[in-house]
Each structure stands twice: as C-alpha cells, then as structure tokens.
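Hi there,

Here is the structure I promised to pass on. Have a look at it first, and my notes follow below.

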Amino acid sequence: SSLFTDVEIMYIDINYKNFEKIAYQREKALYNNRHVSSEAKYVPAKITYRNTKMEVKLKLKGAHSDHWIDENKWSLKVKVKNNHTIDGMKIFSIMQPFSRGYIYEWIYQKLLKEEGFIHKRIKYINVVINGKDNGIYILEEEPSF
C-alpha cells in the first residue's frame, strides 16, 4: 500500500539574487572541500505548504559534502517567520535522504519516540524549489529554544 501513499509537497520560492547567494556559499564549500562556512547568511524566501504561504529565512547547511555535492539537491536550514510553523516546527532542515541513512534515521527517531526518549520530528516530503521538482527530501526538526 505504500505505493499509494501521497507525499506532501513543499514549495520553496527564492528570488534570483538570494538563490545566487546560496549557490555562492555552495561554490565556496566545493572549492575549499569542507563544511559550509559559519559565515553563511540566511536569505529570505517563501514556502507554501498545505496551501499555506509563509515567509521564511533559509541557508545552505552541511558539515559534510553529502549535503551540497549534488548539483541540484542541497540541504537547507529553514527558520519560519512570524507566527507560522510547519507541523509545529519553527526551525527545521531539509536534506537528501542519503544524508540521514535513508530510512534508518526515520526508524531510529520513531523508536526513540516509542520508548519515551527525546526525539526529533522527521518525515519525508517532496520539495519544489523555484518551480523545479527536486524530489524527495527528509524534513528534520532542529532544536529551538
């Protein structure tokens, strides 16, 4: 029955100038062959999720190259602005499934929850950035205090 499960879609719209800022941070990381600089700045963007549009700020993330080595599929850290949340989260990351061991991280977090331990909310979503379908990503909660 999993073949018939609908995956929710997250639409991310980043204007050209801000998208180029993210691309520049990626180029710097590729050139230096190391993690994304702590100098990486958040840029404004808009997310549409479950028919709700919201303003966010986001940046490239990743201590390891698996987060940004792919030419099209980059990991992003997102902070939701105003009083909006996405599934109750104000801060989260989206990344390729292999960056979190495909299904293994999802299973691990579900087991932690089942046993009553602290856990991150995690789910699979389809991500469309500036009209381009980038396929399946993991949405993972980031701690927010």
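Which residue in S6 does Met 10 stand opposite? That residue is Val 127. Before the rest, some ground rules: this is a predicted model, where local features need pLDDT of at least 70, side-chain atom pairs count only at pLDDT 80 or more, and totals for chains, interfaces and linings use all residues. Residues are numbered from 1 along each chain as its sequence is written, and side-chain values use heavy atoms, with hydrogens and water left out.

**Strand S1**

Helices (H or I, at least four residues) and strands (E, at least two) are DSSP runs, numbered from the N terminus. S1 covers residues 9-13. Two strands pair if DSSP finds at least two bridges between them. S1 runs parallel to S6 (residues 122-129), with 4 bridges joining them. It runs antiparallel to S2 (residues 43-49), again through 4 bridges, and here Ile 12 stands opposite Ile 47. Met 10 and Ile 12 make up the covered face of S1, while Ile 9, Tyr 11 and Asp 13 are on the uncovered one.

**Helix H2**

H2 (residues 103-114) has 12 residues and reaches 17 Å from its first C-alpha to its last, close to the 16 Å expected (1.5 Å times one less than the number of residues). Its buried residues are Glu 105, Gln 109 and Leu 112 (buried means under 20% relative accessible area, exposed over 50%, partly exposed in between, with a 1.4 Å probe and protein chains only). They cover an arc of only 60° around the axis, which puts them on the same side of H2; the arc is that of the directions from the helix axis to the C-beta atoms. S6 and S7 (132-141) are among what covers these buried residues, with contact meaning heavy atoms within 4.5 Å. Tyr 104, Leu 111 and Glu 114 are exposed, on the face turned away from the buried side. Just after H2, Gly 116 has a positive phi of about 85°.

**Aromatic rings**

A search of the whole structure gives 1 aromatic pair (rings of Phe, Tyr and Trp, the last by its six-membered ring, with centres within 6.5 Å; planes under 30 degrees apart count as stacked, over 60 as edge-to-face and the rest as tilted). Phe 19 and Trp 74 form this stacked pair, at 5.5 Å centre to centre and 20° between the planes. Phe 19 lies in H1 (residues 16-32) and Trp 74 in the loop between S3 (52-60) and S4 (76-80), so the pair ties together parts 55 residues apart in sequence.

Happy browsing!
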